[in-house]
Amino acid sequence: MSVEPLFVERTVSEADRAYEIIRERLVMLDIRPNEPVNDEGLARALGFGRTPVREALKRLERDRLIVSFSRRGTFATTVDITDLAHISEIRTQLEPIAAARAARTASAPTRQRLAELADEITQISDDDDDNRALLKTDVRVHREIYRASGNPYLEDVLITQDAHATRIWCLFLDRLPHVAEHVREHAPLLRAIVDGDADRAAELTLAHVIGFEKSIRELL
C-alpha cells in the first residue's frame, strides 16, 4: 500500500520518497521512540523495495532519528528533553537568518504562496483543539520559510533541527496550552517576509523559537 507523506517536498527517487514518509512517522511519533524499525516491514507497508528503504534509513540515521546496533537491529531514537537546550541554541541562531534571507531574496511566486499561507493560519480558531493537526501546520509553515530562504544547506540543517524539536513537542502535545495561538504567531512573520522586512522577520522568528522552548520548560 502506497502512503502519502504528511509534508510534500521535492523528491526525485523512491529512496527520497521513502525518506520523507518514514521521517514524518518518526517526527510525529507514529513510530515511537525506541521502537524497532524494520526495513522489510516498512518496504512492504509503503510499497517500496527494500533497497530504497535501506537508503532512506541510512539518511535517517545521519539525522539522528534512528540508531542501529550490531546484532540488535535498528530503532527510533529516544526523545531526550535534555537535548532541548542544544536544539534551541542552533535554532535561535539560524532560524532568524533563514527568515531574514527569505524576506530579502524570495521570488514573487514564493511571496504569494507565503501570503496565502498567512491568510490560512489567521483563520485558525482558539476552539481548534486538534493539536496534532495544528502541529502539522506549524511544521509546514517552518518548512516553507526554510525553503523560501533559497539556501538549501541552511534548509537541510533547519529541517533536521525542527524535526527534533517537533518530536519533543509531540511528547507534551496533550498538555501544551494555546497551540492554536502558537501557530497563528506565524502570520505576522510570514507577512514580514512577504513585505521584505528582514529585520522584523528575524525578530519575530527569534521570539517564536524562544517561546517554544519556554512553553516546554514550563511543563517540566
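Asp127, Asp128, Asp129 and Asp130 form a negative surface patch (patch residues have over 30% relative accessible area and no salt bridge, like charges being joined within 9 Å). Asp127 lies in the loop between α5 (108-122) and α6 (131-148) and is exposed, with a relative accessible area of 70% (exposed is over 50%, buried under 20%, partly exposed in between, with a 1.4 Å probe and protein chains only). Helices are DSSP runs of H or I with at least four residues, numbered from the N terminus.

This is a predicted model, in which local features need pLDDT of at least 70 and side-chain atom pairs count only at pLDDT 80 or more, while totals for chains, interfaces and linings use all residues. Residues are numbered from 1 along each chain as its sequence is written, and side-chain values use heavy atoms, without hydrogens and water.

The structure holds 16 salt bridges (a side-chain nitrogen of Lys or Arg within 4 Å of a carboxyl oxygen of Asp or Glu), including the following.

| Pair | Closest N to O |
|---|---|
| Arg113 and Glu144 | 2.8 Å |
| Arg191 and Asp119 | 3.1 Å |

Arg91 and Glu95 are both buried; they stand four residues apart in helix α4 (residues 84-105), and are therefore separated by about one helical turn. Arg113 in helix α5 and Glu144 in helix α6 tie together parts that are 31 residues apart in sequence. Arg113 is partly exposed at 29% relative accessibility, whereas Glu144 is buried at 13%.

Thr166, in helix α7 (residues 152-171), is buried at 2% relative accessibility. Not counting residues up to four places away in sequence, Thr166 touches Val27, Met28, Leu135 and Val139 (contact means heavy atoms within 4.5 Å).

Terms used: Patches are made of residues with over 30% relative accessible area and no salt bridge: like charges are joined within 9 Å, nonpolar side chains (Val, Leu, Ile, Met, Phe, Trp, Tyr) within 5 Å. Accessible areas come from the Shrake-Rupley method with a 1.4 Å probe; for residues, only the protein chains shown count as cover. Lys and Arg count as positive and Asp and Glu as negative; His and the chain ends are not counted. The place of a charge is taken as NZ of Lys, CZ of Arg, CG of Asp or CD of Glu. Helices (H or I, at least four residues) and strands (E, at least two) are DSSP runs, numbered from the N terminus.
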